[in-house]
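Please open the model in a viewer and follow the selections in the order given below.

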Amino acid sequence: MTPKEYEQWHVRTCARCGRRAAKSAEWSDGPICRTCYERAMRDRGCCPGCRADRMLPGRDAAGAPVCRDCAGITRDFFCTRCGFEGLLLGGRLCERCTLADALGRLLDDGTGHVAPSLQPLVTALLEMDRPKSRLIWLRNPNVVRLLRDLATGTIPLTHDGLHQENPGELSSTCVTC
């Protein structure tokens, strides 16, 4: 595909921000860029159209946020595992379910399960707002190595164990040092 063909077939002026970019969706208010699409996936509240408390990705005629049903958006945004309505990633899973799977793989202690000593860490990471930021954090190879080594016991899950692993980086954030 040539750049001209890509521009012709995929690039549009976003109905929300006015920027020319690749289209991520075509909704009732027009083409939506990826940035506005992801922002819409995080917009939640009481829909003024049907009074349901849910995700509000659409816009009504006045530009107010409305639920997908009231906006006429036919795409389903419900996680196939937990039923949460929001941004879906691979396998039609929400960010939190995707994060749970990634943590489960990284923190497997060799038995196919997360080591019990690391379960509080998993719980804390899953309960934080914006699970996508945790998914981005897990792209860091140093984080991946550290978590795998903690899970397998290569690095002891102690204050001293963490400091021996990376004393410079951890001491700047450690509240007890």
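Begin by selecting Gly 72, which sits in the loop that links α3 (68–71) to α4. The model is a predicted one. Is Gly 72 buried or exposed? With a relative accessibility of 56%, Gly 72 counts as exposed.

**The α4 and α5 pair**

Next, display helix α4, residues 95–106, together with helix α5, residues 119–127. Their axes come within 10 Å and cross at roughly 160°. Angles over 145 degrees count as roughly antiparallel, and α4 is therefore roughly antiparallel to α5. The crossing in which α4 passes α5 is right-handed.

Which residues make this contact? On the α4 side, select Arg 96, Leu 99, Ala 100 and Leu 103. On the α5 side, select Val 122, Leu 125, Leu 126 and Glu 127. Colouring the contact of α4 with α5 by residue class gives six nonpolar residues, two charged residues and no polar ones.

**The cysteines**

Now show the cysteine side chains. How many disulfides does the structure hold? There are zero. A disulfide is a covalent bond between the sulfur atoms of two cysteines, and the cut-off applied here is a sulfur pair within 2.5 Å.

Select Cys 50 first. The closest cysteine sulfur to that of Cys 50 belongs to Cys 67 and lies 3.7 Å away, which is too far for a bond. Cys 50 counts as partly exposed because its relative accessibility is 37%.

Move on to Cys 67. For Cys 67, the nearest cysteine sulfur is that of Cys 70, at 3.6 Å, and Cys 67 is in no disulfide. Cys 67 counts as buried because its relative accessibility is 0%.

**Helix α7**

For the last stop, select helix α7, residues 141–152, and pick out Asp 149 within it. Is Asp 149 buried or exposed? Its relative accessibility is 18%, so Asp 149 counts as buried; the cut-off for that class is under 20%. To see what surrounds this residue, display its contacts while leaving aside residues up to four places away in sequence: Asp 149 then touches Thr 154 and Ile 155.

Note on methods:
Residues numbered from 1 in each chain as written. Predicted model: local features only at pLDDT ≥ 70, side-chain atom pairs only at ≥ 80, totals over all residues. Heavy atoms only, no water. Buried < 20%, exposed > 50% of the residue type's maximum accessible area, 1.4 Å probe, protein only. Helix = DSSP H or I, 4+ residues; strand = E, 2+ residues; numbered from the N terminus. Contact = heavy atoms within 4.5 Å. Axes fitted to C-alpha atoms, helices over the stretch in contact; angles between N-to-C directions. Parallel < 35°, antiparallel > 145°, perpendicular 65-115°, else oblique. Left-handed = near helix turned anticlockwise from the far one by under 90°. Nonpolar A, V, L, I, M, F, W, Y, C, P; charged D, E, K, R; others polar.
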